Amino acid sequence: MLTLFLPLLLHVTTTAAATTRSSFLWPGFYGETCPEAESTVREVIEKAMIRETRSGASVMRLQFHDCFVNGCDGSLLLDDTPDMLGEKLALSNINSLRSYEVIDQAKEALEKICPATVSCADIIVMAARDAVALSGGPYWKVKLGRKDSLTASQEDSNNIMPSPRANASYLINLFQKFNLSVKDLVALSGSHSIGKARCFSIMHRLYNQSGTGQPDPAIERKFREKLYRLCPQGGDQNVTGDLDATPEVFDNQYFKDLVYGRGFLNSDETLFTFAETRKWVVKFSEDEGEFFDAFVEGMIKLGDLQSGKPGEIRWNCRVVNGPPKGMLLAY
């Protein structure tokens, strides 16, 4: 879900305070203007996952990395320009986020049937929901009606997104700044029920946890030996490992793994070793339905985050629209 280098807490406080929840979003927003919007996006995601199952997890992660940085506004999708450093090459995203082309495919399909109608920001949210459902997880009605941002900020992304080394205490404080509870934190971390992560993200955990020159003692012995083989010192740190024992199925196995010391990332396992989050890890490991309900609740809250800044309906998710030609601005 959330990766790479430790952000500046002061900047997070400032940016999070500027991110608000929107009351202008609702399910069925495109019911009249583009009634096939949701089915079209789902079809694209389904085809992408048939080609490569992992793309489901990759698409789902886009919502987290978009919404935490100045709200759910599609800013993550913008390519760099001579005048703007976007978020794709931010520390948490470079060599990590993928499947942008799947969102492009959904946008292209929608432009054919409903030109200049469905925002890229909404496509991300619909795609994340569909990726979860198509992986065996819950399905929920998503609120729609977002506008696409007119800019992006690599600096904001660098300063907000947490590190895979982050501990539960840090993560709790970060999520609280977005009015997300401890329960939301643990449930949304369950997004790691599907997908993979790079060896790069766990090298310190394996070989120098907290500067000790030793592995994280929370890692179960046999699992640690498996990680040593996967991620040897001096090896290719772009090699990927499964985030849980069932990486293609959205279920509660992730939490069962945490209970047994088999969390891949430090920011995963810390949820079990820290008392305030442990109770939710245990509860979700024992009750998949409880996890699904909490995950849906958290995803809806995450999708409500908005910056309040003006936006548009982009014709191409990678670039802002050119001057006039029917640019749609809204507050």
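Me: What does "buried" mean when I look at a residue here?

Reply: Buried means under 20% relative accessible area, exposed means over 50%, and partly exposed is in between (1.4 Å probe, protein chains only). Take K107 and E111: each of them is buried. Keep in mind that this is a predicted model, where local features need pLDDT of at least 70 and side-chain atom pairs count only at pLDDT 80 or more, while totals for chains, interfaces and linings use all residues. Residues are numbered from 1 along each chain as its sequence is written, and side-chain values use heavy atoms, with hydrogens and water left out.

Me: OK, and what joins the side chains of K107 and E111?

Reply: Side chains of opposite charge can pair when their charged atoms come close. We call it a salt bridge if a side-chain nitrogen of Lys or Arg is within 4 Å of a carboxyl oxygen of Asp or Glu. K107 and E111 meet that way, at 2.9 Å from N to O.

Me: How many salt bridges are there by this rule?

Reply: The count comes to 17. Another one links R129 and D130, with their closest N and O atoms 2.7 Å apart. Both R129 and D130 are buried.

Me: Which parts does the D304 and K143 pair tie together?

Reply: D304 and K143 form a salt bridge too, at 3.2 Å between the closest N and O atoms. D304 sits in the loop between α14 (288-303) and β4 (305-306), and K143 in the loop between α5 (120-134) and α6 (154-160), so the pair ties together parts 161 residues apart in sequence. Helices (H or I, at least four residues) and strands (E, at least two) are DSSP runs, numbered from the N terminus.
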